[in-house]
Amino acid sequence: MMRAAGFVVVALGLLAGCHPPRAARAGLSVTNARLVLAAVPGHPAAAYFTITNQGSAPVTVTGIEIAGVGRSEMHQTDGGAMRSLPTLAVPAGQAMAFSPGGRHVMAFAPSATLRPGTTGRITLHFADGGRRSAPLHIEAAGGDDAMAGMKM
Ligand SMILES: [Cu+2]
């Protein structure tokens, strides 16, 4: 019984492609983080940033937390639709961008205290239990609503 359980854990680890990422977080940076509010107050906002992993091991982002937001999810846009990204692996030596039309963080129930021109905070959670925070620039909705036309 113990052996079977151990095998399952190892197999899941291989499937997820995860190595112990603890040491790698030293080389992690989160840059250019911004939250674009929806044109309609209270509608989901979209957050974008770039994560760079200059460590020697891959890291896996397992969740996003944004101060003043009810719930944040990582999404991937595919054509006109989007799907949930439960986790995101960032290989060693690589940068991954969240940008309009691609990966984004959907921020549900943004508080009215998140005003354009102010700076908030975004926190990334990693598979090893670690976290990394960065300043988050709050922006008004531009001409193109990032979420407009998207089908869940
Ligand atoms: Cu989305």
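Two strands are said to pair if DSSP finds at least two bridges between them. In this predicted model, strand 3 and strand 9 (residues 119-126) run antiparallel and are joined by five bridges.

**Overall make-up and confidence**

The secondary structure of the chain comes to one helix and 10 strands, and from the N terminus on the elements follow the order α-β-β-β-β-β-β-β-β-β-β. Of the contacts in the chain between residues at least 6 apart in sequence, 74% join residues that are at least 24 apart. Buried residues account for 24% of the 152 residues in the chain.

The average pLDDT of the chain is 84, and 77% of the residues score at least 70. Over residues 5-24, however, the pLDDT is below 50, although this stretch has 25 contacts in the model beyond near neighbours in sequence. Where pLDDT is low, the predicted coordinates should not be read in detail.

**Strand pairing**

| Strands | Sense | Bridges | Residue pair |
|---|---|---|---|
| Strand 3 (residues 59-66) and strand 6 (residues 88-90) | antiparallel | three | V61 and L88 |
| Strand 3 and strand 9 (residues 119-126) | antiparallel | five | G63 and H125 |
| Strand 4 (residues 69-78) and strand 5 (residues 81-84) | antiparallel | four | T77 and M82 |
| Strand 4 (residues 69-78) and strand 8 (residues 103-110) | antiparallel | seven | S72 and A107 |

Strand 4 and strand 5 form a hairpin with two residues between them, and G79, which lies in the turn, has a positive phi of about 65°.

In a regular strand the side chains alternate between the two faces of the sheet.

**Backbone angles within strands**

Most residues other than glycine have a negative phi. Against that background, which residues other than glycine have a positive phi near or about 55°? One of them is N32, whose phi is near 55°; N32 lies in strand 1 (residues 28-36) and is exposed, because the number of other C-beta atoms within 10 Å is 12, and a residue with 12 or fewer is classed as exposed. Another is A109, which has a positive phi of about 55° although it is not a glycine. A109 is found in strand 8, and A109 counts as partly exposed because it has 13 C-beta neighbours inside 10 Å.

**A buried strand residue**

Is N53 buried or exposed? N53, which is found in strand 2 (residues 45-53), counts as buried because it has 22 C-beta neighbours inside 10 Å, the threshold for burial being 20 or more. N53 also takes part in a separation worth noting: N53 and G27 are 26 residues apart in sequence, yet their C-alpha atoms are 5.8 Å apart in space.

Key. Residues numbered from 1 in each chain as written. Predicted model: local features only at pLDDT ≥ 70, side-chain atom pairs only at ≥ 80, totals over all residues. Contact = placed C-beta atoms within 7 Å. pLDDT = per-residue confidence, 0-100.
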